[in-house]
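Please look at the sequence and the 3D structure below before reading on.

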Amino acid sequence: MFIKLLYILLSIFFIWRLFTYIRLHPEAFSKANLNRSFFTIGILALLLIGFVAGLVWLVKH
């Protein structure tokens, strides 16, 4: 029971911190910043997929 209460309090704290950060920095979620971030994450995902595919190929041969 104590763990559930701790999780609830921790969740409320993180939601409050996220809310205050968004209010103080609205430019962090602008369309330009989000597009740049998604492009970077896409490139990193493709590199990770290629790396894992290379490892699988090495293990099979």
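What follows is a short briefing, arranged by topic.

This is a predicted model, in which local features need pLDDT of at least 70 and side-chain atom pairs count only at pLDDT 80 or more, while totals for chains, interfaces and linings use all residues. Residues are numbered from 1 along each chain as its sequence is written, and side-chain values use heavy atoms, with hydrogens and water left out.

**Overall form**

- The secondary structure of the protein consists of two helices and zero strands, where helices (H or I, at least four residues) and strands (E, at least two) are DSSP runs numbered from the N terminus.
- The protein has a radius of gyration of 20 Å, whereas a compact globule of 61 residues would have one near 10 Å; the radius is taken over C-alpha atoms, and the globule rule is 2.2 Å times the number of residues to the power 0.38.
- Along its principal axes, the C-alpha trace spans about 50 × 40 × 10 Å.

**Surface and helix α2**

- Of the 61 residues in the protein, 0% are buried, a term that means under 20% relative accessible area, with exposed meaning over 50% and partly exposed lying in between (1.4 Å probe, protein chains only).
- The accessible surface comes to about 6100 Å², and 79% of this surface belongs to carbon and sulfur atoms; such areas come from the Shrake-Rupley method with a 1.4 Å probe, and for residues only the protein chains shown count as cover.
- Helix α2 (residues 31-60) has 30 residues and reaches 43 Å from its first C-alpha to its last, close to the 44 Å expected at 1.5 Å a residue, a span worked out as 1.5 Å times one less than the number of residues.
- Because the number of buried residues among the 30 of α2 is zero, this helix lies largely in the open.

**Aromatic rings**

- A search of the whole structure finds two aromatic pairs, where rings of Phe, Tyr and Trp (its six-membered ring) pair if their centres lie within 6.5 Å, and planes under 30 degrees apart count as stacked, over 60 as edge-to-face and the rest as tilted.
- The rings of F13 and F14 have centres 5.8 Å apart and planes at 55°, so this pair is tilted.
- The rings of F13 and W16 have centres 6.2 Å apart and planes at 40°, so this pair is tilted.
- F13 and W16 are separated by about one helical turn because they are three residues apart in helix α1 (residues 2-24).
- F13 counts as partly exposed at 40% relative accessibility, W16 counts as partly exposed at 48%, and F14 counts as exposed at 53%.
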